[in-house]
Amino acid sequence: AILPIILGTIYFRLLTLLGLRTLILENARIWEAVRGSHQRILSQLREVIIGWLVLLLVGIILSLALSFLLLVVLIVFGLLLLLAWIAGGLVATIIFGSFLLLLFLVAITIISGILTSWTSTYWTILYLRLPKLHPAS
């Protein structure tokens, strides 16, 4: 019962990704972009699925790497907060912890922006590499 939901979610995500590029790169109307993306997915299913699977694999690898990095950062932050507690007490720990939190949020925002930009570029290049569809007359 869950498989159709998963497949439908993947299909609509692919439809959105390719539809946005059709809309922008080909200056298409909304329904033309939806129809064109649907046709592109069906006619070039192999290429689209391989592209999606490559991005899925890259995402899994990046998630594992970033999870390890996050664990290291949290351990270092924890040790720094412990040192702040020992050196200055509660007030110093709260002030230093606030600074570390701000630094962490800035880093997460930058990393998120880089990954989002890379993913968007990946889908745009994939879209441009797919053969053009010839509309039926």
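User: What makes the reach of H1 close to the expected one?

Analyst: H1 has 23 residues and reaches 33 Å from its first C-alpha to its last. The expected span of a helix is 1.5 Å times one less than its number of residues, which for H1 gives 33 Å. A helix here is a DSSP run of H or I with at least four residues, numbered from the N terminus. The model is predicted, so local features need pLDDT of at least 70 and side-chain atom pairs count only at pLDDT 80 or more, while totals for chains, interfaces and linings use all residues. Residues are numbered from 1 along each chain as its sequence is written, and side-chain values use heavy atoms, with hydrogens and water left out.

User: How confident is the predictor in the protein?

Analyst: On pLDDT, the predictor's confidence in each residue from 0 to 100, the protein averages 92, and 96% of the residues score at least 70. Confidence is lowest in H2, at a mean of 92, and highest in H3, at 94.

User: What does Ser37 touch, leaving out residues up to four places away in sequence?

Analyst: Contact means heavy atoms within 4.5 Å. On that basis Ser37 touches Leu15, Leu18, Gly19 and Thr22.

User: What is the phi of Asn27?

Analyst: Phi of Asn27 is near 50°, a positive value in a residue other than glycine. Most residues other than glycine have a negative phi.

User: Which residues make up the largest nonpolar core?

Analyst: A nonpolar core is a set of buried Ala, Val, Leu, Ile, Met, Phe, Trp, Tyr and Cys residues joined through side-chain atoms within 4.5 Å. The largest has twelve residues: Leu14, Leu15, Leu17, Leu18, Ile41, Val48, Leu55, Tyr122, Trp123, Leu126, Tyr127 and Leu130. Helices H1 (3–25) and H3 (45–129) are the elements that give two or more residues to this core. H3 supplies the largest share, six residues.

Technical notes:
Buried means under 20% relative accessible area, exposed over 50%, partly exposed in between (1.4 Å probe, protein chains only).
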